[in-house]
Amino acid sequence: MKVEYINPFVNATTDVFDTMLSCPLTRGELRLSGQDQPEHDISGVIGLSGDASGLVVVSIDKQVAFQAARVMLCEPISTINADIVDLVGELANMIAGAAKAKLDDFELSVSLPTVIVGTNHVIGFPSNARPICIPFESPWGSLCLEVSLKEHEEPIANQEPAAVA
Amino acid sequence: MIMSAKVLVADDSGTMRKIIIRSLNAVGVTDVTEAADGAEALLKFAEEQFDLVLTDWNMPEKTGLEVIEGIRGQGSKVPIVMITTEAEQRRVLDAIRAGVSDYLVKPFQADQLREKIDKLVSV
């Protein structure tokens, strides 16, 4: 995956948190993700397809999710419930959607969000597209964006599909 | 006049529906019907008269684009606002061709949504 594809996702993440949550993010260092394990317990997953394919995973600390619920839903929530799951899915949807608009050459489509909750859950990235991980810090806690995007060099039918486990 | 407007909100995210309804309430609109997918939106639109429709694009069952086409296919001129992450020019053009009245890209400021709602339900 080319590093230049990352900037739209980084910018989309900071923009979504700033616009929807008034929550400033500080970006950490990019790194290649060496494990399948997200660093947090709630992950919003969006599949990307088109002239490239991949996955966007937004993994957030549960305290960040609770504070986001306070702002977006105007409700105090202190347990991971259906509202938190929906909220994390919508955050991932907005981040992936805003980023894909900046990668228009790929004519990407986004999947509906999937949200995974629980410790030690596993995200299966395409084996030919190692994800890049971008950690962020916020006043509410930490989150991590993992992006895997692979340009198609052969017919789509021969590509290995992205999987979520 | 604004307070009597009847609005249909279609979005598969309950979070987004709550945000939109809060903006509607802020401009005095309290008569709101929710739909969690495109098929439900079309079903509810067939059952009742609405003054404004706010719809997401990417939804299960039927997309927001299909919702617009379905509503315009019935000959309705009700104002429809697409609220979506689909920001590419070709997508916006698709929505315009289908008959959308206005377009708001997520993420958005609450003020942006309130302005659009205020403008459309005040006409």
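Let's start in the middle: the largest nonpolar core has 68 residues, and those touching the most other members are Phe17(A), Leu21(A), Leu145(A) and Leu54(B). A nonpolar core here is a set of buried Ala, Val, Leu, Ile, Met, Phe, Trp, Tyr and Cys residues joined through side-chain atoms within 4.5 Å, and buried means under 20% relative accessible area, exposed over 50%, with a 1.4 Å probe and protein chains only. The top contributor to this core is helix H3 (residues 82–101) of chain A, with ten residues; helices are DSSP runs of H or I with at least four residues, strands are E runs of at least two, and both are numbered from the N terminus. This is a predicted model, so local features need pLDDT of at least 70 and side-chain atom pairs count only at pLDDT 80 or more, while totals for chains, interfaces and linings use all residues. Residues are numbered from 1 along each chain as its sequence is written, chains are lettered from A and ligands numbered from 1 in the order in which they are written, and side-chain values use heavy atoms, leaving out hydrogens and water.

Back to Leu54(B): leaving aside residues up to four places away in sequence, its contacts (heavy atoms within 4.5 Å) include Val7(B), Ile20(B), Val81(B) and Ile117(B). There is also a second, separate core of 21 residues, with Leu8(B), Ile71(B), Ala95(B) and Tyr103(B) among them.

Ala95(B) takes us to helix H4 (residues 89–98) of chain B, where Arg91(B), Ala95(B) and Ala98(B) are buried. They span an arc of only 60° around the axis, which puts them on the same side of H4(B); the arc is that of the directions from the helix axis to the C-beta atoms. On the other side, Gln89(B) and Arg97(B) are exposed. The buried residues of H4(B) pack against H3 and strand S5 (109–110) of chain A, together with H3 and strand S5 (102–105) of chain B. Just past H4(B), Gly99(B) has a positive phi of about 115°.

Now look at the loop between helix H3 (64–73) and strand S4 (80–84) of chain B, where Ser76(B) sits. Ser76(B) has 18% relative accessibility, so it counts as buried. Its side chain reaches the backbone nitrogen of Val78(B) at 3.1 Å. Not counting residues up to four places away in sequence, Ser76(B) touches Phe45(B) and Ile71(B).

Terms used:
A polar contact is a pair of N or O atoms within 3.5 Å; within protein, one must be able to donate a hydrogen and the other to accept it, and residues adjacent in sequence count only if both atoms are side-chain atoms.
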